[in-house]
Amino acid sequence: KTIIAPLLFATLVVGIAGHSDLKQVGRMGWKSILYFEVVSTIALFIGLAAINISQAGVGITLPPVAGEHLEEVKKQTIQEVILHIFPENLARAVYEGQVLQIVVFSILFGIAVAMLKENYKRPMIRFSESLAETMFKFTNLIMLFAPIAVGAAIAYTVGHMGLGVLVNLFKLLITLYVALIVFMLFVLLPVAYFLRIPVKRFIQAVAEPATIAFATTSSESALPRAMENMEAFGVPRKIVAF
């Protein structure tokens, strides 16, 4: 959570302002969003089908945590959802971890930097590149402690809910693996072959980031490593940053 705001800001500014043509950014943007929406929707349906078939987790009763009370969540209107996308205060968005608001601010900031004269633009891009590289190293330091944290989380879960919960967790794990295999075989592989992406090299590139995301249950922690591996794979820095 600490790394995500500065990393998103830095990489998005580089990804947008680093392009000489904002129209190119726009074309890349709508293609990225279209692909993401279609593939994510298919993934959601596969996940829903898998969990409804396996029924992993059915019958588990979570013990109450001392001092914890659930507040009723008020349903948001469409107007509230749209307004919530735009930050009224960047510091508050960072503090509350409002990722979408940080992204919107970074995109607008990146467009503004792209519109600057070269003598003003170049220092901002250099600063953003340096900030991104620093956050990559920052992430490496944090990841040294990830195995300890994961082990502690498992120990807490077993100690809190007993060994029986491991059966349900194992069932959930199998459900996840089956769903992932189905997704890879019927969605990712056809896309990769269609776009002529070298599958073996691609799997080697995504293996480590995917493992980090899986172990930490956070895609945010895997983002820096994923970006580094994408560049090593041959994707230009500007595309990776975007």
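At 1.5 Å a residue, the 16 residues of helix H7 (residues 146-161) should span 22 Å, and its end C-alpha atoms are 22 Å apart, which agrees; the expected span is 1.5 Å times one less than the number of residues. Helices here are DSSP runs of H or I with at least four residues, numbered from the N terminus. Just after H7, Gly162 takes a positive phi of about 90 degrees.

This is a predicted model, in which local features need pLDDT of at least 70 and side-chain atom pairs count only at pLDDT 80 or more, while totals for chains, interfaces and linings use all residues. Residues are numbered from 1 along each chain as its sequence is written, and side-chain values use heavy atoms, with hydrogens and water left out.

The axes of helix H1 (residues 4-17) and helix H5 (residues 99-114) come within 8 Å and cross at roughly 35 degrees, where axes are lines fitted to C-alpha atoms over the stretch in contact and angles run from 0 to 180 degrees between N-to-C directions. Residues of H1 including Leu8, Leu12 and Ile16 meet residues of H5 including Ile102, Phe105 and Phe109, contact meaning heavy atoms within 4.5 Å.

With helix H6 (residues 118-143), H1 packs at an angle of about 140 degrees, the axes being 8 Å apart. That makes H1 oblique to H6, a word for angles that are not under 35 degrees (roughly parallel), over 145 (roughly antiparallel) or 65 to 115 (roughly perpendicular). Among the residues making this contact are Pro6, Ala10 and Val14 of H1, together with Lys121, Glu129 and Phe136 of H6.

Methods
Helix = DSSP H or I, 4+ residues; strand = E, 2+ residues; numbered from the N terminus.
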